[in-house]
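Here are a couple of exercises to work through with the model open beside you. Try each task before you read its solution.

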Amino acid sequence: MSNAFYQPVSGMDLPRFAGVATFMRLPHVSPDDPRIGEVDIGLIGAPWDSGTTNRPGPRHAPRQLRDLSTMIRAQNGATGVRPFERANCADLGDVGPNPADVMDSLTRFTDFYSRVRRASVRPLTAGGDHLCSLPILRALAADGPLGMIHFDSHTDLFHSYFDGCMYTHGTPFRRAIEEGLLDPTRVVQIGIRGTTYDREDRDFADSVGVRVVPIEEFFARGIDDVMAEARQIVGDRPTYVSYDIDFVDPAFAPGTGTPEVGGPNSFEALEVVRALAGLDIAGADMVEVSPPFDPTGATAWLGVSIMFELLCMMVSADDA
Ligand code: MN
Ligand code: MN
């Protein structure tokens with residue numbers, strides 16, 4: 001049961017367009033605040049896109065996601081879950097990156113998330129491009145490799161870009177597996193599609209035992225069947241959930257750097273998360289929302305709606 005301090009501001013008390021925008025209208029508790037010891041789940045902005053190889057913009061996403069997140073109400077319409085009553089949730093603010101230095105940013109991220117982890121706070125991150133997940137995993141996997149359920153059009157398992165650049169948003173999970181942060185036999189990637197340069201990523205996945213579910217298989221089998229297999233792959237041990245907004249069809253999520261057509265609709269985008277109930281979720285992220293390509297805010301609205309579903313899954317494990 002959560003403390004009254006951690007209840008979001010209700011739109012019945014202050015209209016949702018008013019007030020300082022924090023994630024889901026939660027209190028802001030920085031990792032330096034003595035209250036951090038009370039927080040169960042921390043919503044964190046990762047305003048960074050220095051890993052982007054093509055169309056940038058996710059550095060601006062946390063601010064737009066915070067704005068649209070003021071639309072979120074306290075109760076899940078589909079499941080009835082009231083996450084803010086089950087756990088102390090807070091907005092921990094943003095990680096401060098160094099936009100001119102990728103390696104320095106990776107260190108800053110890991111330092112920030114290591115502090116969050118030492119305070120026993122589970123992070124729900126609003127990226128940022130997908131390279132964000134690597135330094136987060138470096139902090140969260142300190143006690144051993146995690147499983148991962150990964151929604152994306154892309155595997156992000158490539159070895160390198162541009163003749164040897166190892167750290168881009170197309171390589172984070174290759175590095176995470178090489179560094180022992182993920183157990184590849186407990187990793188499942190769902191929604192993979194689009195044109196590619198080659199099969200180097202897929203060959204790597206096959207060689208280490210990562211399960212890739214291409215979008216054609218996803219639609220042929222259906223959500224229930226695919227997600228039952230995903231749950232079986234990660235099992236009951238700690239699992240990270242990484243959600244790239246480009247998993248969703250660009251008709252519903254056009255505001256992203258690397259859209260791929262032929263994807264799930266916005267209802268399916270929520271349903272796959274609702275299938276995670278009861279898993280031991282060590283942390284989760286929503287990445288690759290790109291406000292410069294999202295002038296209406298529709299992509300960010302879907303992004304924070306998915307974040308709310310992820311949050312409801314994170315608190316459901318607290319009850320178990
Ligand atoms: Mn990705
Ligand atoms: Mn992607």
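**Exercise 1: the metal site**

The manganese ion (ligand 2) sits 3.2 Å from the manganese ion (ligand 1), and D152 coordinates both. This is a predicted model, where local features need pLDDT of at least 70, side-chain atom pairs count only at pLDDT 80 or more, and totals for chains, interfaces and linings use all residues. Residues are numbered from 1 along each chain as its sequence is written, chains are lettered from A and ligands numbered from 1 in the order in which they are written, and side-chain values use heavy atoms, with hydrogens and water left out.

Task: find which protein donors hold the manganese ion (ligand 2), and what spacing they follow along the chain.

Step 1. Donors are N, O and S atoms within 2.8 Å of the metal (3.2 Å for Na, K and Ca); water is not among the atoms, so sites may look incomplete.

Step 2. Read off the spacing, D-x1-H-x89-D-x1-D.

**Exercise 2: buried or exposed?**

Task: decide whether H154 is buried or exposed, and do likewise for D244.

Step 1. Buried means under 20% relative accessible area, exposed over 50%, partly exposed in between (1.4 Å probe, protein chains only).

Step 2. H154 has 17% relative accessible area, so H154 is buried.

Step 3. D244 comes in at 2%, so D244 is buried too.
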